[in-house]
Every structure is written in C-alpha cells, then in structure tokens.
Amino acid sequence: MTIRVVKPGFFTTVQDRARFGCAHLGISPAGAADLLSLRIANLLVGNDQYAPALEMTLLGAMLGFEERTILAISGANCECRLGQDRLAANSAVEASAGMVLQCGSTTDGARSYLAVQGGFDVPLVMGSASTDIRGRFGGHDGRRLQAGDVLHIRRAEKARGRPLRTGALDQMKRTGPIRVTRGVQHDWFSVDAYANFLAATYTVSEQSDRAGLRLKGVAILPRESKQLLTDGIPLGAIQVPQDGQPIILFVDQQTTGGYPKIANVIAADMRRIGQLRPRDGVQFAEVSIANAIEALDAQERWLKEIWQD
Amino acid sequence: MKVIPASDCSILIEFGDAITPEMQDRVLGLFYALQAQQDASIRNLHPGYVSLLVDFDPLAVIHDEVAAMIASLENAAGAVREAEANVVELPVCYDTEFGPDLTDVAAHTHLSVDEVICLHSSAMYRVCFLGFTAGFAYLGGMPEELHTPRLATPRRAVAGGSVGIAGSQTGIYPTETPGGWRLIGRTPVRMFDPQASQPTRVLPGDSLRFVPIDRARFEELWQERT
C-alpha cells in the first residue's frame with residue numbers, strides 16, 4: 001500500500017520513539033518531538049504505540065491515498081480536509097482510494113502527527129525509523145518529505161483502533177511554566193542569576209529547530225567565565241552559551257557539548273517543548289526530581305485511561 | 001567519583017576535573033562495563049573528557065537503582081577493555097587542496113609544512129569519546145607544537161573526511177558540515193556509515209595514527225570506497 005506526497009508541507013519527517021544506544025557514537029536520539037501525540041495517533045488506528053508516523057511541522061502535508069487507508073491525526077490542530085469534508089482530529093477516519101488529505105497550518109501548537117493503520121514502512125537504521133536530518137539517514141531516505149515521494153505502508157494485521165473518551169485530551173492540556181529540574185552546572189550561576197532565569201519570560205527564536213530551541217530574553221551569565229570540559233548532554237538540557245541566551249537541547253541534539261547547563265526540562269513536559277512555535281513565550285519553574293517522575297507516571301496512567309471501553 | 005542527577009532520566013558520573021590518561025581509563029572503563037551489562041533500561045551512554053552521562057528509562061528504573069548498578073561496577077571499571085589495544089591507521093592526504101590551512105598552521109607554529117605533516121602523523125592519538133556529530137572523534141594527544149587557534153570565521157561547508165586542528169585538538173569531520181577548524185588534509189576513509197554494522201570507523205578508547213598518503217593513493221582509496 002502506498003501514499004503519494006502531493007505537497008510535503010513546511011517540514012514533514014517520519015519519526016518513531018527515538019534511536020537509543022548510539023549516543024557514544026555521536027548519534028542523537030531523534031524521534032517524535034511530541035511523543036505523546038505520536039502514541040495517541042498510533043493507538044487510535046490500532047498500531048503499536050511507537051510505530052513510525054509522520055511528524056508535520058507548522059504547515060501540514062497534502063497526501064493522496066491510492067488504496068483504502070485508516071488514518072488519525074493528533075497533536076497540534078491543523079485544519080484538515082479529507083476530500084471535501086473537514087477531518088476531525090483525534091479519531092480514526094477511513095480514506096478511500098483516490099482521496100486526497102489536505103492538512104493546513106497548525107493553530108494551537110507546532111506539530112501534528114499522522115498515523116496510518118499498519119504504520120509507515122521504512123527501513124530501521126540502528127534500530128529506529130526516525131529521521132536523522134543532520135546525519136541524513138533513517139526515516140524516508142534520511143530527509144524531509146518532498147513532493148512526489150511515495151510512502152509505503154505496512155499491511156495491518158487484525159489492527160483494532162480504539163476511540164478516545166469525550167473530552168479526554170482536555171485534562172492533559174497544560175499551560176503555565178515548563179517544569180525543570182536543576183542542571184548539572186546550575187551552581188555556575190549565582191543565586192540571583194538562577195532566580196532571574198526562573199522569573200523571566202523568554203521568546204522562542206525563529207532560529208529554532210529539532211536540535212535546539214533558541215530562546216531570547218534576559219541574558220543569564222555564569223559567575224565567572226570558565227571553560228567546561230565537554231560532557232554529555234541529557235535530552236531537554238537548557239544550556240547557556242556565552243551570550244547568555246538559553247538553548248533547550250532537543251531531540252536532534254548534539255550528544256556532547258561545552259556550555260554550562262543551568263536546568264533540564266522534565267520528561268513529562270518534553271511534549272510541550274515539541275509544540276512551541278517561534279515567537280511563543282516560555283517560562284520555567286523548578287520542581288524536584290521526585291515530582292518530575294510523579295508527573296511522568298501520572299501522564300502514563302492518563303494515557304491508559306483515556307480510551308472508550 | 002561524583003554521582004549527580006543530571007535530569008529526571010539521567011545521571012552524570014564525574015571522575016574529576018583534569019584531562020589525564022588515568023581519568024580517561026576510568027571514564028571508558030565504566031562506559032564499557034555498563035555497555036556490557038546490556039541492560040534494557042539504560043538508553044544511552046555519553047562518555048566525555050572526565051565524565052560519563054547515563055540516560056535511562058525513568059519508567060523502568062530510578063536514579064538510586066542506576067547509581068547502585070554503577071557502584072557495583074566501579075571495580076570492574078578499572079579494568080582496561082580488551083579492544084583498548086585497537087589501533088586505527090588512518091590514511092591522510094596532506095595536499096594543499098585538501099588542507100587549505102596547512103600554510104597558515106605552518107606560519108603560526110613557525111614550522112615548515114613538511115614538519116607540520118611529520119609531527120601530526122607521528123603522534124599516537126587516543127579517541128577520548130565521540131560527539132558533536134555522528135562519528136566525530138575527540139582525539140587526545142596532539143603535539144603541543146601544533147596548537148593553532150580555530151578560524152575567526154567558520155567555513156559554511158567543510159568536506160567529509162577533512163582533518164583539522166583547533167587549539168589543542170585535532171579531528172576528522174565525518175560528513176560535510178559547517179566548521180571552523182584549520183584544515184590540513186583529508187582521509188579517503190569513510191568515518192561514518194549509518195548502514196554498516198559498525199557505523200563509525202573509530203570507537204571510544206581506540207588508538208589512532210594518521211598515515212600520510214599521496215594524491216594518487218588518495219584517489220585509489222576513494223575509488224575503492226564508492
């Protein structure tokens with residue numbers, strides 16, 4: 001089964017959970033920027049929750065279905081039309097052969113996820129279907145989609161999707177500060193500088209991508225200018241380069257780096273990072289590691305409970 | 001050894017604050033000991049100059065459990081891995097076309113171009129760790145005489161295989177990227193191949209030596225590669 005890419009949208013890639021076990025080779029994890037939404041889209045169509053899906057950024061793709069296909073879109077809302085009809089997000093929909101899906105601009109976030117029943121059929125590279133843009137491997141030919149691409153779909157065997165409970169997704173909508181734990185080098189910064197970082201509202205720069213979200217706002221400078229011996233970077237680390245403008249290291253991050261890390265986004269809030277758009281405002285609030293783990297456990301419990309019986 | 005929670009799903013093991021061969025042995029010893037555990041809850045290991053970052057699945061294990069696993073391996077970490085003796089000989093063509101900054105490096109170091117090449121290719125280097133980009137090796141052991149600051153303005157594109165110098169470091173760009181290192185040559189060897197069973201030409205802990213080759217040999221090896 002195949003899907004034709006009529007228009008690729010702004011930046012559309014194949015992603016799955018992530019590529020683990022290769023950081024010591026300098027290979028970043030990649031994977032969905034908002035993994036929770038990818039999982040929901042997959043579960044809606046009855047796939048393995050981590051099956052490869054399309055991650056569409058800011059402006060969605062236009063896709064032609066050559067055979068009957070079950071699909072679902074989750075994540076940021078983007079005005080979608082399937083044939084003549086408006087397509088409801090967060091539910092499984094059937095596209096018949098010859099139909100065209102047109103996804104518009106996202107209205108409340110940065111990234112929408114399109115899952116198809118069976119999952120996108122791309123070769124696994126180092127155990128993952130995720131596209132590594134810088135390394136030019138994984139996903140569809142190691143790159144973002146282009147007009148004319150033909151995407152293959154695995155034939156689904158006994159897939160049975162489940163619908164969401166009404167209003168289930170609203171419970172997980174979160175506004176307010178992004179939660180962070182202290183970074184490894186937080187003590188490189190004075191108590192005042194750290195307080196300023198937590199009090200500030202930053203703006204997401206247009207220079208941002210999946211490797212890093214560059215923030216603009218109050219400059220945070222370390223107590224003294226010393227050189228960090230290059231060390232490993234955890235996912236979601238907030239590093240502060242010489243100009244004092246923080247960068248959130250994201251899924252396509254470098255595996256090592258030489259700038260001090262003041263804080264780290266908690267795992268449960270990484271999906272919110274994935275939905276930030278250029279010019280969005282961002283604030284941070286510190287939580288303990290125990291609270292961060294609790295938030296992640298709560299998110300996992302929530303994901304189990306949102307489905308209709 | 002300091003064990004620091006780096007995030008809600010990672011721990012940083014810091015061995016000290018000075019780059020020495022002994023420190024490297026401890027970092028790499030723990031790295032290989034942990035890798036040998038093949039524990040599914042460990043997602044990624046990032047060795048650095050004096051530390052090891054351990055990413056784990058926070059739904060499967062907690063910090064204390066990972067810290068305990070690391071503590072139990074501390075003794076094993078002293079052991080040098082078997083592959084430690086692995087010496088990679090990397091052919092490099094120190095041609096001025098491939099190394100447009102050779103003459104600048106020579107001028108800065110008050111050496112002749114031949115002396116730069118001779119010094120660079122006679123040292124034995126150690127792959128401290130990989131990072132920055134897929135397959136990029138941080139090499140220790142460049143002779144002090146060769147230290148040269150990086151370019152004031154990075155190049156927009158540096159060809160894959162380029163060998164460069166930046167401050168006290170030397171390294172090989174695995175794939176085409178922007179870069180500010182002073183370029184002195186190029187290797188025809190593929191440093192990163194995502195489809196290969198061993199995707200990177202070198203691994204942390206390997207020893208590495210640059211072997212000078214002429215342009216004809218470079219072209220020959222380049223042909224063999226494609």
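Helices (H or I, at least four residues) and strands (E, at least two) are DSSP runs, numbered from the N terminus. With that in hand, here's a quick tour of a predicted model, in which local features need pLDDT of at least 70, side-chain atom pairs count only at pLDDT 80 or more, and totals for chains, interfaces and linings use all residues. Residues are numbered from 1 along each chain as its sequence is written, while chains are lettered from A and ligands numbered from 1 in the order in which they are written.

**Helix α1 of chain A**

- 10 of the 10 residues of α1(A) are buried, so the helix is largely enclosed by the rest of the structure; "buried" here takes 20 or more other C-beta atoms within 10 Å of a residue's own, with C-beta atoms placed from the backbone.
- Among those buried residues are A:Leu35, A:Arg39, A:Asn42 and A:Leu44.
- The cover over them includes β2, β3, β5, β10, α3 (270-274) and α4 (289-305) of chain A.

**The open sheet in chain A**

- Five strands make up an open sheet in the order β2-β3-β10-β5-β8 (chain A), with antiparallel pairing; two strands count as paired if DSSP finds at least two bridges between them.
- β2 (11-15) and β8 (93-95) of chain A sit at the edges with a single partner strand each, so one side of each has no neighbour in the sheet.
- On average, neighbouring strands here are turned by 30 degrees against each other, direction ignored; axes are lines fitted to C-alpha atoms, for helices over the stretch in contact, and angles run from 0 to 180 degrees between N-to-C directions.
- Strands β5 (residues 69-75) and β10 (residues 111-116) of chain A pair in the antiparallel sense over five bridges, and A:Leu71 has A:Val116 as its bridge partner in β10(A).
- Helix α1 (residues 35-44) of chain A packs on this sheet, touching β2, β3 (53-57), β5 and β10 of chain A, and its direction makes about 155 degrees with that of β5(A).

**Nonpolar core**

- The largest nonpolar core has 145 residues, and A:Ala41, A:Tyr113 and B:Val54 are among those with the most contacts inside it; such a core is a set of buried Ala, Val, Leu, Ile, Met, Phe, Trp, Tyr and Cys residues joined through C-beta atoms within 7 Å.
- Setting aside neighbours within four places in sequence, A:Tyr113 has contacts that include A:Ser37, A:Ala41, A:Ala53 and A:Ile73; a contact means C-beta atoms, placed from the backbone, within 7 Å.

**Chain B on its own**

- Chain B has five helices and 13 strands.
- Its C-alpha atoms fill a box of roughly 55 × 35 × 35 Å along the principal axes.
- Buried residues account for 44% of the 226 residues in chain B.
- Of the contacts in chain B between residues at least 6 apart in sequence, 61% join residues at least 24 apart.
- Strand β5 (residues 87-93) of chain B runs parallel to β13 (residues 207-213) of chain B, joined by seven bridges, while β6(B) and β13(B) pair in the antiparallel sense over two bridges.
- B:Leu208 in β13(B) is the bridge partner of B:Val88 and also of B:Tyr125.

**Where the chains meet**

- Chain B puts 37 residues into the contact and chain A puts in 32 residues.
- On the chain B side, β1 (2-7), β2 (10-14), β3 (42-47), β4 (51-56) and β6 (125-130) each supply at least two residues.
- The largest share of that side, five residues, comes from β3(B).

Notes:
Two residues are in contact if their C-beta atoms, placed from the backbone, lie within 7 Å. A residue is buried if 20 or more other C-beta atoms lie within 10 Å of its own, exposed if 12 or fewer, and partly exposed in between; C-beta atoms are placed from the backbone.
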